[in-house]
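This report examines the strand arrangement, nonpolar cores and aromatic pairs of a protein model. The sequence and the coordinates are shown first.

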Amino acid sequence: MRMRGKVAIVTGAASGLGRATALRFAEEGARVACADRAFEGAQATAKAIEGAGGEALAVEVNVTDEAACARMVTATVGRWQAVTTLVNAAGVRGGDRRDPAPATADWQRIIDVNLTGTFFASRAALPALRAARGVITNIASIYGLVGGSISPAYAASKGGVANLTRQMALDWAPDVRVNCVCPGVVETPMTKSLLEDPAFREAAERRHPLKRLGRPEDVANAILYLCSDEASWVTGVALPVDGGYTAA
């Protein structure tokens, strides 16, 4: 059990990569705080964990709200007296991928959730993580490493997450390890509307040398490694989990 004894907070746990990660952690023995703005979805993930014999807590959080992030950490520590692991999976995709100049409100919302929210949640958890000599894994994207047919606000936010990860890894060492994963195109509720376009789906599959789209479990397994003791000498890494997309 690679996460036995760990207490993890996973934001964005209602669906997609966050849900897959929360479930995977629980399978490996972690106690998991399932945090999301969509509280009913967070509750559903927590109930799935408990139904499989695990320990879980559902927490409502808007990661753009500093006070809400603090309450999320307080609730987790109150339940299990520690936080050893934080996964920042909360995120939004944004507007039309073909729009080269998004509206200011769209730009700000995407930056606020994807980048600032990652920082707020990490900063709120930092004292508990330092006490536990814990670990953070952030969710960036291939579009934080390369350009592509995606919202420029999304690309900018995920590029920010990748570099924020490197800086936090330096600033918070040696007490806290900080890494991020950079997924390729993964089939999740967030990408559903994009992938309903046959041309986009075909092009996406073609761009990945392994010739398939990602599954949430593909990314969750990489996050599991980075958050486990097996990665105890790994920090400051932006790990592509992308079927070879960035290599191509």
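The sections below move from the sheet to its helices, then to the cores and the aromatic rings.

The model is predicted. Its seven strands form an open sheet in the order β3-β2-β1-β4-β5-β6-β7, with parallel pairing. The edges are formed by β3 and β7, each of which pairs on one side only. On average, neighbouring strands of this sheet are turned by 20° against each other, direction ignored.

## The β1, β2 and β3 part of the sheet

Strands β1 and β2 run parallel and are joined by five bridges; within this pairing, V7 has R31 in β2 as its bridge partner. Another five bridges join β2 to β3, again in parallel, and here A35 stands opposite V59 in β3. Five of the six residues of β2 are buried, so this strand is largely enclosed by the rest of the structure.

A right-handed β-α-β unit is made by β1, helix α1 (residues 16-27) and β2. A further right-handed β-α-β unit consists of β2, helix α2 (residues 39-51) and β3. Helix α3 lies across β1, β2 and β3, and runs at about 160° to β3.

Strand β5 is mostly covered, since five of its five residues are buried. In a regular strand, side chains alternate between the two faces of the sheet. In β5, V135, T137 and I139 point one way, whereas I136 and N138 point the other way, and all are buried.

On one side, β5 pairs in the parallel sense with strand β4 (residues 85-88) over four bridges; T85 has V135 in β5 as its bridge partner. Strand β5 is also joined by five bridges to strand β6 (residues 177-183), and these two strands run parallel. In that pairing, the bridge partner of I139 is V181 in β6. V181 also has a bridge partner in β7, namely L239, and the parallel pairing of β6 with β7 extends over four bridges.

Strands β5 and β6 form a right-handed β-α-β unit together with α5. Helix α5 packs on the sheet, where it touches β5, β6 and β7, and its direction makes about 160° with that of β6.

## Nonpolar cores

The largest nonpolar core has 30 residues, of which I9 and M72 touch the most other members. At least two residues of this core come from each of β1 (7-11), β2 (31-36), β3 (56-60), α3 (66-80), α4 (104-132) and α5. Helix α4 supplies the largest share, seven residues.

Which residues does M72 contact, leaving aside its neighbours within four places in sequence? They are I9, T11, A35, V59, V61 and A121. A second, separate core comprises 29 residues, including A13, I139, V219 and L226. Among these, I139 is also a buried residue of β5.

## Aromatic pairs

The model contains two aromatic pairs under the rule that ring centres lie within 6.5 Å. In the pair of F119 and F120, the ring centres are 6.4 Å apart and the planes stand at 45°, so the pair is tilted. F119 is partly exposed, with a relative accessible area of 28%, while F120 counts as buried at 15% relative accessibility.

The other pair, Y143 and Y245, is edge-to-face, with 6.2 Å from centre to centre and 75° between the planes. Where do the two residues of this pair lie? Y143 lies in the loop between β5 (135-139) and α5 (152-172), and Y245 in the segment after β7 (238-241), so the pair ties together parts that are 102 residues apart in sequence. Both Y143 and Y245 are buried.

Methods. Residues numbered from 1 in each chain as written. Predicted model: local features only at pLDDT ≥ 70, side-chain atom pairs only at ≥ 80, totals over all residues. Heavy atoms only, no water. Phe/Tyr/Trp six-rings, centres within 6.5 Å; stacked < 30°, edge-to-face > 60°. Buried < 20%, exposed > 50% of the residue type's maximum accessible area, 1.4 Å probe, protein only. Pairing = 2+ DSSP bridges. Right-handed = clockwise from strand over helix to strand, strands pointing away. Core = buried A, V, L, I, M, F, W, Y, C linked by side-chain atoms within 4.5 Å. Contact = heavy atoms within 4.5 Å. Axes fitted to C-alpha atoms, helices over the stretch in contact; angles between N-to-C directions.
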